[in-house]
Amino acid sequence: MGYRGIASVSKNTGVRALTERKWKKRKENKVKIRKEEVEYVAHLARLEFGEEETEKFTLQLNDILTYIDKLNQAETTGVSPMTHAMPLVNAFREDTVISSLSNESSLANAPETRGSSFRVPKVIE
Amino acid sequence: MELNQLTIHELKEKLLSREITSVDIVESVFNRIDQVEGKVHAYISLLREDALRGAAGADQKIQEGAGGELCGIPVALKDILCTKGVKTTCGSRILQNFIPPYDATVVEALRRAGAVFVGKANMDEFAMGSSTETSYFGVTRNPWALDRIPGGSSGGSAAAVAADECIASLGSDTGGSIRQPAALCGVVGMKPTYGRVSRFGLIAFASSLDQIGPFTKDVEDCAIMMNVIAGYDPKDSTSVPQDVPDYRAFLNRDIAGWTVGIPREYFRDGMDPEVSAAVKKAIAVVEDQGARCIDISLPHTDYCVAVYYIVAPAEASSNLARYDGVKYGYRAENCRDLLDMYKKTRSEGFGAEVKRRIMLGTYALSSGYYDAYYKKASQVRARIKEDFAEAFKRCDVILTPTSPTPAFKIGEKTEDPLQMYLSDIFTISANLAGIPGISVPCGYSGRGLPVGVQFLAGHFEEGKLLQIAHNYERHAHIERRRPEL
């Protein structure tokens, strides 16, 4: 069963190559994101949509991405990207053992458990 | 006056003089909840018995002459804050049964200060929204007009304070989620500097933007709450190890000689005329108090919403990858295999707005698009932060409207995500730059809807914000109305 997952990922690599080609044509193309790209991104995000939902998301994402295009008007040559509000350096602490959650309370919210572990559907056939 | 209408500082005085007990306050709050909660729906869950037990304990402590800053005061918590042993849903189906095994650091701090928890307040699912309409547990209504939204995402926390269903509350602010609902519900709301308050136990939305802060009935209460929740926490590596001043020391001071920046980009045509008029009156009030108001420019203001809707969804798409149906939360049934389980669980567990943002973020971070979107947005973000740094060389604080309009109608913007996003146009910049902001009531629209004025200051200048906000509150003489429910 697990192999089916991998197969679908590699099948989608094809879709990705296609989208990269599309990206190059983007400037003269008014459509920001197509239905098949929405389907591909949904797969990456581990989501799935019905036909109608996919179409709605495609329209809405187009709207939003068209709006976001205004970023291209901002001059950013030589500006370093900012990833955090505060300049962060590594936050180190002494390597001392402190208390942590017990196995029991770690498992308390799990949908399914067996023994001291989380239980999931079979991964390998 | 009912006890549920009073502020923390008023109640503390009565508690310490033994005029009333904490049980009296908690009973008053729950009486009010019994009367109005059916109309407002500010809460996802109520903690009536725990609160009464907590109040009895607080009364005992007060008898003994002990008890902290908030001893016996009923407080509401946004349902995004992990609360040990209490269901914490984040407004989502995917966490509908989640019972955290630990307290958020701010929850622990409130407990230590003696606060009594009334309940967990409603919110937009995963704090994604500006109207509290995306909650899996139903819409919260604005206490001032039940056909209108309370703002969001912390709409429940704001409405609960406005409707006297608690004395104060905590919310979280990623793009305006404290300040905008505070403005729309006519209460005080503060977003502290990024790193000022620990985010440990705050369910993550966008980690570089999220910050916890208080909703209160006045500015003095805001200072009291900030004294309890601010400070370094070794459990949050982004919290900043810097001393916390006594925020109450900034109250009752004048602002003579201050310079207040009025960013011209925040006063453009198209703003609601009633909001504009109320904010202009606020400018006159601070000038009357001896502050000099100057025209300033924040040139990259126009890009804030666009930057935010790349950065926040990108961080969200990665933060929300943890909801996979394995360790906690909802799991879909009848799944073929692990991948099928992930997809079904997430598709059934998340609502439309959360999915939209996960999609937007995943797309922006995906191969081929990263530079065009995430990198570009992060560069423009740096320029927005520079704008503020430049501005604060010329002024002590900045004054703006909190929201471009008063509360809009329920359902008005749900079909048009972009219009919804644009309602955060004046609040997003503070999160992108990491600076603190406060919203204070500054009047009412013709329909009687509250309007808020926002003050912004440089990093770790919450004291300045409280100083000017308190000064403004004392001298603005805004008519003290209460919502009719």
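**Entry 1, basis.** I worked with a predicted model, in which local features need pLDDT of at least 70, side-chain atom pairs count only at pLDDT 80 or more, and totals for chains, interfaces and linings use all residues. Residues are numbered from 1 along each chain as its sequence is written, chains are lettered from A in the order in which they are written, and side-chain values use heavy atoms, with hydrogens and water left out.

I noted domain 1 (3–256) and domain 2 (303–377) in chain B, with bounds from an automatic or database domain assignment. Their centres, taken over C-alpha atoms, are separated by 28 Å. I found 20 residues of domain 1 of chain B in contact (heavy atoms within 4.5 Å) with 21 residues of domain 2 of chain B.

I looked up the contact and found 69 residues from chain B and 63 residues from chain A. The two chains bury about 5900 Å² between them, with 67% on carbon and sulfur atoms; buried area is the accessible area (1.4 Å probe) lost by two parts on being put together, summed over both. In chain B, the residues losing the most area to chain A are B:Lys343, B:Met359 and B:Tyr363, together 11% of what that side buries.

**Entry 4, salt bridges.** I recorded 4 salt bridges between chain B and chain A, each a side-chain nitrogen of Lys or Arg within 4 Å of a carboxyl oxygen of Asp or Glu. B:Asp302 and A:Lys70 meet in a salt bridge through their side chains (3.5 Å, N to O).
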